[in-house]
Amino acid sequence: MAVVQRTPPRLSVELFRGFLEGRPDEERWELIDGVAVMMPPPTLAHQQIASNLLRLLYDAIDRGALALTVHQRPGVNIGPSIEYYDPEPDVVVMDADAPRVPGRRYADRFYLAAEIVSDSDRRYVESKRGVYRLHETCKYILTVQQDRLEVRIDVRTNSGWDEQLLTNPDDLLTLPDFGLSCKVSDLYRGTALEPLPVR
C-alpha cells in the first residue's frame with residue numbers, strides 16, 4: 001500500500017503576517033515560496049558586515065542630503081502580485097519618511113535590498129534576489145558573502161538587470177544613486193576577512 005505524503009499548503013503573505021502576530025518579537029521569520037522559515041540568530045561576522053554596509057550607505061546618503069534612509073532587517077512590501085514571499089533583507093534603503101509612521105513594520109518602497117549570505121540562508125538567496133527584482137522601485141540588489149570576499153551587485157537599467165561580481169579587496173563598490181563609492185574591503189572591516197595592512 002502506497003503512503004501518500006501531504007505537503008502543507010503554501011502560506012500567503014496575509015496568512016504569514018497573521019502567524020507573525022502571535023510570535024515573540026525576538027524571533028526572525030521570513031516567508032520563502034509559501035513556507036514560513038525561522039532564521040537563526042546571525043553570526044557576529046554577519047552583523048558586522050551588515051553594520052558596515054549600513055554605516056557606509058548612511059554616511060553617503062547624509063552627505064548627499066538625499067530624502068532617503070537605511071535600516072537593518074525591516075519588512076518590505078514587494079507588491080500585490082507576489083503572494084508567497086515576505087522577506088526581511090539585511091539592509092534596505094527606503095524613503096526617509098517611512099519610519100515616521102508609529103508602529104510601521106513594512107516599507108512600501110525600497111531602492112536597495114542587501115543580503116549578507118551565510119550557510120543558513122544560502123539556499124534562499126537566489127529566490128529572494130528574483131523577488132526583489134520584481135519590486136518596481138528597487139534599483140540595486142547586493143549579495144555579500146560572509147565567508148569570503150565577494151559582493152554581487154544587481155543593477156536595474158533601462159534594458160533590464162546587469163550583474164557585477166567584485167572579489168578583490170580593492171574593487172570599488174559604486175552606487176551612484178546614493179553617492180556611495182567604497183572598497184570591497186570596507187564591508188569586511190572588523191571581521192576575519194579584513195585585509196591586513198601592508199608593512
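Which residues line the largest cavity? They are Phe16, Leu20, Trp29, Gly75, Asp86, Pro87, Glu88 and Tyr106. The model is predicted, with local features requiring pLDDT of at least 70 and side-chain atom pairs pLDDT 80 or more, while totals for chains, interfaces and linings use all residues. Residues are numbered from 1 along each chain as its sequence is written, and side-chain values use heavy atoms, without hydrogens and water.

**Cavity**
- The largest cavity holds about 30 Å³ of space; on a 1 Å grid over the protein atoms alone, a cavity is a set of points where a 1.4 Å probe fits but cannot get out, and lining residues have an atom within 4 Å of a point.
- Its lining divides into 5 nonpolar, 1 polar and 2 charged residues, with Gly counted as polar and Asp, Glu, Lys and Arg as charged.

**Pocket**
- The largest pocket has a volume of about 520 Å³; a pocket is an open set with protein on both sides within 12 Å along at least five of seven lines.
- Of its 21 lining residues, Leu20, Asp25, Glu27, Glu88 and Arg105 lie nearest the centre.
- The pocket lining comprises 10 nonpolar, 1 polar and 10 charged residues.

**Helix α3**
- In α3 (residues 122–133), a DSSP run of H or I with at least four residues, the buried residues (under 20% relative accessible area, 1.4 Å probe, protein chains only) are Tyr124, Val125, Lys128, Arg129, Val131 and Tyr132.
- These residues lie on the same side of α3 because they cover an arc of only 165° around the axis, taken from the directions from the helix axis to the C-beta atoms.

Definitions and conventions
Buried means under 20% relative accessible area, exposed over 50%, partly exposed in between (1.4 Å probe, protein chains only). Helices (H or I, at least four residues) and strands (E, at least two) are DSSP runs, numbered from the N terminus. Grid points are joined across faces, edges and corners, and a volume is the space filled by probe spheres set on the points.
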